[in-house]
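Q: I am new to this structure. Please show me how to read a few of its features, one at a time.

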Amino acid sequence: MAKVKGAVEINTERCKGCDLCVVACPASVLMLQPKEVNNRGYHFAYTEHPDQCIGCAACALVCPDGCIEVYRLIEK
């Protein structure tokens with residue numbers, strides 16, 4: 001049986017660090033970058049545990065700036 005795994009792409013330069021995606025993720029995949037900022041001066045979201053992504057796209061749905069794209073990959 002094929003296993004579905006998720007992959008998250010974040011446009012870090014558009015991210016304003018609102019933390020909504022981090023809270024919405026049921027698998028604790030995303031975190032805010034604690035030390036780095038983007039060119040707009042915000043601590044941006046990044047995938048801390050990309051292998052745990054289930055592809056639910058909850059993070060992309062709550063992102064007010066549309067910075068997140070989620071892909072579902074099928075592993076055989």
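Q: Is Gln-33 buried, partly exposed or exposed?
A: Buried means under 20% relative accessible area, exposed over 50%, and partly exposed in between (1.4 Å probe, protein chains only). Gln-33 counts as buried because its relative accessibility is 16%. This is a predicted model, where local features need pLDDT of at least 70 and side-chain atom pairs count only at pLDDT 80 or more, while totals for chains, interfaces and linings use all residues. Residues are numbered from 1 along each chain as its sequence is written, and side-chain values use heavy atoms, with hydrogens and water left out.

Q: Which residues is Gln-33 in contact with, leaving aside its neighbours within four places in sequence?
A: Contact means heavy atoms within 4.5 Å. With those neighbours set aside, Gln-33 is in contact with His-43, Phe-44 and Tyr-46. Gln-33 lies in the loop between β2 (30-32) and β3 (45-47); strands (E, at least two residues) and helices (H or I, at least four) are DSSP runs, numbered from the N terminus.

Q: How many salt bridges does the count come to?
A: Side chains of opposite charge can pair when their charged atoms come close. The rule asks for a side-chain nitrogen of Lys or Arg within 4 Å of a carboxyl oxygen of Asp or Glu. The count comes to one salt bridge. Lys-16 forms a salt bridge with Asp-65, with the closest N and O atoms 3.8 Å apart. The pair links distant parts of the chain, 49 residues apart: Lys-16 is in the loop between β1 (3-10) and α1 (20-24), and Asp-65 in the loop between α2 and β4 (68-75).

Q: Why does Lys-16 count as partly exposed?
A: Lys-16 counts as partly exposed because its relative accessibility is 35%. Asp-65, at 26%, also counts as partly exposed.
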